[in-house]
Amino acid sequence: MVFAVPDCYTGAMITLTLHRKILLAFLVLALVPLVLLIISASRSLDSVETLVREEATQALDHQAAQALSLRAQHVALQVADFLSRVEADVDTLALLPVDDKSYQAFYRHHQRRLWQEVTADGQRIYTPVPLYRELVFIGVDGGERLHVLQGQPAPLRDHRLQDGSGESLHAFYRRARQLQGDAVYVSPLIGRHVTREQQLAGHTYQGLIRFYRKAYSLQGDLLGVVMLALDHRHLMEFTRHISSGPQPFVFDARYNEGNYAFMFDRQGWMIAHPKLWDIRGLNASGQWVEAFQGEAVHKDNGRRAYNLFEAGAIHPNYPLVAQQVLSGRSGIADVTNVGGAEKMMAFAPIFYQPRGETGQPVWGGVTIGAEVANFHRAALATSADIRIRFNRFWRQGWALIAATVLVLFVAAHLLSRGISGPLNRLIFSARGVAQGRFAAPLEVHGSDEVATLTEAFNQMVEELHLRRERLARSLQALRRSRSEIRLERNFTHTVMENIDTGIMTVDDLGRVTSMNQAVQKVLGLEGRTLNRSLAQVFDGYPEIAETLCPSVLAADAQQGWSRYYECQRQGRTLTFRLALFPLAPSADNGLILTVEDLTERAQMRTRLARMDRLASLGRLAAGLAHEIRNPLTGISLLLDDLHDRLLHTPKDQELIRRALEEMERLEGLVGDLLKFSRVSASECHPGDVRAVVERTLGLFEQSCERSGISLVRDYAETLPQIALDEQRMQQALLNLLRNAQEAMAEGGTLTVSLLANPEQVCVRVCDTGVGMDDEQRRLIFEPFYTCKKEGNGLGLAIVHNIVAEHDGRIEVTSAPGQGSCFELCFPHLPPHFDAVKDE
């Protein structure tokens, strides 16, 4: 039979499956290497871009820093050269004749061009300005012989007199007289301080720097001292027009932009600055103004000068820059000015030293500041340009990738359609077989790979038909077997997980292959993994683990065994029964190990034996007590009557009194026997154990003080109520307290604690006495057993009975020489206790 395959169906189904798969496979195989290459190139180019931008930024920043630093050094060299020329001028002045004509000619000859503002139309002109404001010749007596002020003769002054200024003429003259040979003294900048308000009102700083040197005759005789006063404006001109902004030259630098320069002397005081109020000067009283300490501008209002050594509060780098300059170093530092503008500041020292001075040849320093944004402008622009070029490259690259993907998609589409067409009929037939429609074999056309595939398909269909029939028969048999296995497995699982006996299975290598919940609960093996040896599983029980080694298991595997083990854990004796027997007739198939916890049974047997022993002892004690009490009463009465008759024989009376005391002690022993043997008749009611303990300790405190025993209370904040008989509980506590007192004959500490947990309330009585060994601790609750020289051994037996009456338990921890601790634990009061009791 030949199938007729509709073309529409074939085209729809095959194109949606095989066609797309071939297309996707072709695209993946072609594009994956391309994508990986693009990703690798992307990462490499990103790294290159980042590296190029960082290197360019660093290089441009470094170049900008070097340019700024070189500019500062250049200005500093210009200032140093200018000061040297002024020093040469004072030498020239010392050689001139002392007359008005010579000095006025000197004044007119020494000029320098400055930019000045013309007030009429606001235009600036570059005009010559005299270098020196004053020319003075001072005689050896200190009086002026010639004084030229701004090119005109001026009144003469006496330099020996104080004028009350911060730096008086007398002080300068005194320092000039101390000069040696042709040494030169240069004064600090002198002028009236200009406040912020004054500068805003149009005032300018009128300052000068005085240069002094001695004048000698041709014969070398001292004629006097010459002085010329340098106009401060000529120093201001060096930094006034400097800007690190887009325009390197400005008429007046703006302070708020941060792109300005300033000059300072070796003491750190400002000499030239856009803010005139930062320049040091004299106030109205003729005193130097103080240094600005970093106060707010609106509070200071420009009434203080600026000193770099005192400007650490504004920025810590200012004092460091001044120190670097005085050390002869130049460089770059980041600072913040008073207005809060962050900037980079280049600094350079002015290497000038007046003739005759010693020490570091630094007269002051020059700084040029640049705002951070302006400083990095070239680097940021270059970085942005690099980013634009890389983005352009990536856009071109992605366009090329898109075109490549489109070409590959068209080629893959044509190739997949050429492959999927001849396979349509074969695929349709395969789907029919998959749906259970077995038909005649397909016709084979040609001898290519498709024909070979068709022949293989026909053979496969025939073989599938035969195997399907066999599989159907096998499936029915498996369903029946599966149902039986599930029933058997559920039964085994239910038995294993609900039986009280712990069961383990062990393979022939001694490893545990399974265990039920009972064995995990009995031995505390929760969380233990399987496929471990028995010794590892029982590592917490070395008494058991050493008998479960592989050699013992191999020896006893055929016959099996059953053994009992006693283990000591946390003061308790645990009893286990372990049984081992083969899992199958041959031990090679594994072993079964059963574990039973017989602790409760063993304890119950021990308690029953003790109760039987105590019951027999109680009946015997009660009978003896009754039989002894009646004769004792008669003997006591007879001895008492005999004592009254022997009034004239004191020695005989003393003997009778001793006999009566022994009779009383014997009577007390009989009473204890009756208490011990009496059937309990405790009346338990809800109560607070704290109140009972406090009442008992109140009776016992004075006795402790007399015995030198410190009584310590340690109570929990909250304690639930328990069911108790207050009198019987007090009797038990008194017995424990007396025993503790007798154990501390030389004094010690008695601690009474009250503890609570979610299930019990515990009373703990601990002493620091002689303590007990293990043998004594095991027997202390037995009747008539005592460790004291005097005593009947019934006190702790009675305590044990009282605790048992309250459904509690008592535990003892003790060691010789380390004291003893008795802990009485009682269950919380059960719900509806009174109702249950009444029923």
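Guide: We start with Asp807, which is found in the loop between helix H21 (795-805) and strand E25; helices (H or I, at least four residues) and strands (E, at least two) are DSSP runs, numbered from the N terminus. This is a predicted model, in which local features need pLDDT of at least 70 and side-chain atom pairs count only at pLDDT 80 or more, while totals for chains, interfaces and linings use all residues. Residues are numbered from 1 along each chain as its sequence is written, and side-chain values use heavy atoms, with hydrogens and water left out.

Visitor: What is the phi of Asp807, and is the residue buried or exposed?

Guide: Asp807 has a positive phi of about 60 degrees although it is not a glycine. Buried means under 20% relative accessible area, exposed over 50%, and partly exposed in between (1.4 Å probe, protein chains only). With a relative accessible area of 63%, Asp807 is exposed. Gln150, also not a glycine, has a positive phi of about 50 degrees. Gln150 lies in the loop between strand E4 (144-149) and strand E5 (152-153) and is exposed, at 51%.

Visitor: Which strand is joined to E25 by bridges?

Guide: Two strands pair if DSSP finds at least two bridges between them. Here six bridges join E25 to strand E26 (residues 820-827), and the two run antiparallel. Thr813 has Cys821 of E26 as its bridge partner. The two strands form a hairpin with five residues between them, and Gly817 in the turn has a positive phi of about 80 degrees.

Visitor: How many disulfides does a search of the whole structure find?

Guide: A disulfide is a pair of cysteine sulfur atoms within 2.5 Å, and the search finds two. One joins Cys762 to Cys825, with an S to S distance of 2.3 Å; the link is right-handed, with 105 degrees about the S-S bond. This pair links distant parts of the chain, with Cys762 in strand E24 (residues 760-766) and Cys825 in E26, 63 residues apart. The other disulfide joins Cys766 to Cys821 (S to S 2.2 Å), again linking E24 to E26, at 55 residues apart. Cys762 and Cys825 are buried, as are Cys766 and Cys821. With bonded cysteines counted along the chain, the pattern is 1-4, 2-3.

Visitor: Which residues touch the most other members of the largest nonpolar core?

Guide: A nonpolar core is a set of buried Ala, Val, Leu, Ile, Met, Phe, Trp, Tyr and Cys residues joined through side-chain atoms within 4.5 Å. Of the 67 residues in the largest one, Phe211, Leu235, Met263, Ile350 and Trp363 touch the most other members. Helix H1 (residues 7-95) supplies the largest share of this core, twelve residues. Apart from it lies another core of 36 residues, among them Val692, Ile709, Leu733 and Ile798.

Visitor: Where is Arg213 placed, and which side chain makes a polar contact with that of Arg213?

Guide: Arg213 is in strand E8 (residues 207-216) and is buried, with a relative accessible area of 11%. A polar contact is a pair of N or O atoms within 3.5 Å; within protein, one must be able to donate a hydrogen and the other to accept it, and residues adjacent in sequence count only if both atoms are side-chain atoms. The side chain of Arg213 makes such a contact with the side chain of Asp91 (2.8 Å). Contact in general means heavy atoms within 4.5 Å. Leaving aside neighbours within four places in sequence, the contacts of Arg213 include Val90, Leu179, Val226 and Arg355.

Visitor: What is the mean pLDDT of the protein, and over which residues does pLDDT stay under 50?

Guide: pLDDT is the predictor's confidence in each residue, from 0 to 100. The mean is 78, and 75% of the residues reach 70 or more. Residues 1-15 stay under 50, and the model has 22 contacts beyond four places in sequence for them. Over residues 835-839 the pLDDT is also below 50, with four contacts beyond near neighbours in sequence. Where pLDDT is low, the predicted coordinates should not be read in detail.
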